[in-house]
Amino acid sequence: MGLRKKWKTLSNWFLTKPNISGALVFLLLFFIVCFFVRLRYKTIEENQRREMSNIIHSVQQNFEQILKTSYVTTLTLAMTVNDEGEPENFEKVAAQLVNSNASIDALQLVPNGIIKYVYPVEANGAAIGFDILNSPEVKDEALKSIDSKLIYFAGPLRLKQGGIGVVGRLPVFKENKFWGFSAVIIKLETLMKHSGIASMDDSKYYFQFSKVNPTTNKEEFFLPNKDDFSNRYFQTVTIPDGDWKLYLVMRDKNGLVYQTMTSGFLGLFLSIMGALWVVSIMKKPAQLQKKVYQQAQKIHDSEIEFRTLFEQAPLGIAKVDSESGDFITVNAEFCKIVGYSEEELTSSNFQRITHPDDVGENVNCLNKLRDGNIYDFSVEKRYLHKSGRTVWVNLIGARLWKSDEKSKHHIAMIEDITDKKRADEELKQSFELVSDQNKRLLNFSYIVSHNLRSHTSNIQTISDFLETADTKEERDEMIDLLKKVSQSLNETMSNLNEVVSIRTNINLSIEKLNLSAYVERAKSLLSQQIAKQDVNLQNLVPSNIEINYNTAYLESILFNLVSNAIRYSHKDRKPEIVITFDEEARALTVKDNGIGIDLKKNGEKLFGMYKTFNNNPDSKGIGLFLVKNQIDAMGGTITVESKLNEGTAFTIYFK
Amino acid sequence: MSKLICIIDDDPIYQFLINKIIGNSEGNHDVLFFNNGKEALDYFTLDLNKNLPEIILLDLEMPIMDGWDFLKEIDKLQIEKPDIYIVSSSISHEDKEKVKAFPQIKGHFSKPINSNKIQEITKK
């Protein structure tokens with residue numbers, strides 16, 4: 001397990017570092033290439049050496065063959081010397097020997113070191129008479145052969161007869177006494193030709209032929225190409241019969257290197273290619289690996305961003321199962337807005353904490369989202385806070401699946417707008433209040449101007465008549481009229497005054513009043529009318545009901561409602577008035593069986609000033625107007641239900 | 001040049017005074033009084049063949065049936081339409097706009113009304 005893990009780490013390390021891996025591959029390949037190149041170098045070198053050795057040895061053999069032939073020839077020639085020390089048939093034997101041995105150019109017999117017999121004479125005659133043993137240049141070599149009593153090859157040296165050649169001298173002894181030399185002369189060209197040196201392909205190697213000069217003790221070279229070859233590869237053999245050295249020199253100093261260099265370069269090139277190939281192959285996974293890492297990092301980063309947003313957003317955010325409505329995750333703000341803990345929410349669904357009236361719309365939106373009709377939605381809805389209060393929120397829902405995927409989850413973002421809603425509501429209410437007051441004010445000013453004007457115009461007309469009145473009767477009549485006008489003007493003024501006082505009374509004294517007792521009080525104030533019209537008035541208000549109200553207003557309201565009920569009684573039946581109280585709604589109802597009001601026609605005008613709906617001379621159109629104003633001033637409302645010829649019911653809702 | 005003038009107004013003092021003004025003005029006019037629109041309408045619908053007024057002086061603010069409702073109702077009747085004049089203690093701007101919807105209204109006056117105006121109306 002550990003090993004596998006280590007291997008994985010190691011391979012991972014290499015996989016992620018293609019350049020280093022490439023370099024390593026390059027080194028490995030290059031090492032292998034070097035090894036093979038070296039192997040090849042060695043092989044070539046070995047082959048070359050073997051080849052050179054073969055060549056040099058074959059040449060050596062040729063040399064030895066020539067020398068052997070020379071030996072035999074000199075020996076044969078020496079045989080011609082008879083006991084008197086005179087050669088017999090020299091010419092004949094020499095000719096035979098030279099002709100049968102192509103490697104021999106000439107023959108000499110040198111009695112006592114002086115050249116005496118030569119063949120062929122034409123080419124070599126110039127040497128006759130040359131005293132070898134007394135010539136300092138050749139003396140040493142001649143003496144060497146006498147000492148060793150063996151054939152010794154002198155030279156190559158400049159021949160007396162011209163050209164360069166070697167001279168093989170065999171010392172001849174007669175009765176243990178030095179007689180002279182039997183010698184062969186081999187020209188250098190002949191030697192080269194017969195040894196095979198001349199005919200050799202010298203493109204690769206060349207021969208050199210040397211001897212240590214016995215006088216100067218310096219090695220002398222005799223073949224062309226005398227350049228110093230000590231730094232080149234060569235092989236050498238020694239030919240002792242002439243103290244010669246034969247060299248086979250490699251012509252091309254760096255040939256071997258060049259030969260292997262090509263394969264070396266090829267190997268290097270292949271190694272580089274191999275390394276690059278490895279790098280390019282490995283870079284792909286490495287790039288992919290890197291990309292994967294970057295993506296993972298990105299995902300990680302965005303996860304953190306999302307987390308932070310989710311946790312820190314001033315919005316309530318929840319991930320919700322779009323099918324069941326279950327909460328999957330909720331943030332702290334969401335919990336705060338609805339008052340439940342995260343655990344409570346995630347084990348519940350949104351329907352459970354949504355105001356029952358708003359569940360339907362929310363579910364509708366969700367259905368549309370699921371059906372793909374919409375991608376997101378925004379609704380204002382109410383949640384039920386854990387404490388029971390209602391929380392208004394602005395909810396934005398957005399799906400979390402793609403178009404081609406199955407619906408799964410959506411995200412819900414909520415903003416608490418309860419305060420805003422309340423402010424809106426208050427604003428709306430105060431706007432309604434203000435516009436209502438404005439309407440009433442306009443109405444009131446209209447009433448004032450209309451009612452006052454109707455009186456003043458009458459006064460004007462009357463005064464016109466008074467001016468033009470001829471008789472006292474006429475004048476009296478007008479003054480009488482004027483009194484009536486003045487009286488009704490006074491009445492109007494006091495009505496208006498009453499209305500104004502209701503409207504301007506802001507700090508009304510409010511007391512705890514027993515409602516039933518005040519009903520009784522109105523009943524007693526109107527006892528005369530009740531008795532006269534035989535009204536059956538039932539006070540069904542429980543005696544314990546108490547309300548906070550202004551005394552004068554309650555009196556006025558009850559008086560007006562009851563007196564209206566009596567005034568508009570139906571002439572065909574006994575008037576019946578029932579006064580009840582609904583404790584739950586805190587509402588007082590005054591119901592009669594009178595003539596009723598056509599609410600369709602007059603509903604709007606019912607509580608208006610100077611609105612009367614019949615010819616009853618007692619109708620002044622002020623009573624209900626005052627009642628409405630007084631109830632408004634106390635913060636309550638009044639409603640009416642009525643059917644013509646059946647009856648009317650006024651209901652006052654106390655605050 | 002006698003004409004039948006119809007007064008529709010709930011103010012008894014005004015009724016008394018206008019009656020006197022018409023009596024003092026030129027021409028021997030007859031006057032009909034109604035306290036509100038409904039009374040007048042009832043009178044007209046009772047017998048369509050009787051003498052119908054040529055001129056109506058109509059107040060706007062009245063109980064039971066006001067001037068506007070009366071205008072709507074009389075429009076429905078199959079009678080020769082009298083000339084109608086609005087005579088009101090005050091005519092608001094709103095009322096003036098409303099008046100335009102009723103082509104049978106020949107003019108409108110603010111109270112008080114005098115004999116000159118009566119003559120002006122009756123001479124037409």
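Q: What are the ground rules here?
A: The model is predicted, so local features need pLDDT of at least 70 and side-chain atom pairs pLDDT 80 or more, while totals for chains, interfaces and linings use all residues. Residues are numbered from 1 along each chain as written, chains are lettered from A in the order written, and side-chain values use heavy atoms, without hydrogens and water.

Q: How many residues does each chain put into the contact?
A: Chain A gives 23 residues and chain B gives 23 residues, with contact meaning heavy atoms within 4.5 Å.

Q: And what area is buried between chain A and chain B?
A: About 2,100 Å², with 56% from carbon and sulfur atoms. Buried area is the accessible area (1.4 Å probe) that two parts lose on being put together, summed over both. In chain A, the residues losing the most area to chain B are A:Tyr446, A:His450 and A:Phe465, together 25% of what that side buries.

Q: How many salt bridges cross the interface?
A: Two, taking a side-chain nitrogen of Lys or Arg within 4 Å of a carboxyl oxygen of Asp or Glu. One of them pairs A:Glu474 with B:Lys20 at 3.9 Å, N to O.

Q: Switching to chain B, what is the order of its elements?
A: From the N terminus, β-α-β-α-β-α-β-α-β-α, that is, five helices and five strands. Helices (H or I, at least four residues) and strands (E, at least two) are DSSP runs.

Q: How much of chain B is buried?
A: Of its 124 residues, 53%, where buried means under 20% relative accessible area (1.4 Å probe, protein chains only).

Key. Buried < 20%, exposed > 50% of the residue type's maximum accessible area, 1.4 Å probe, protein only.
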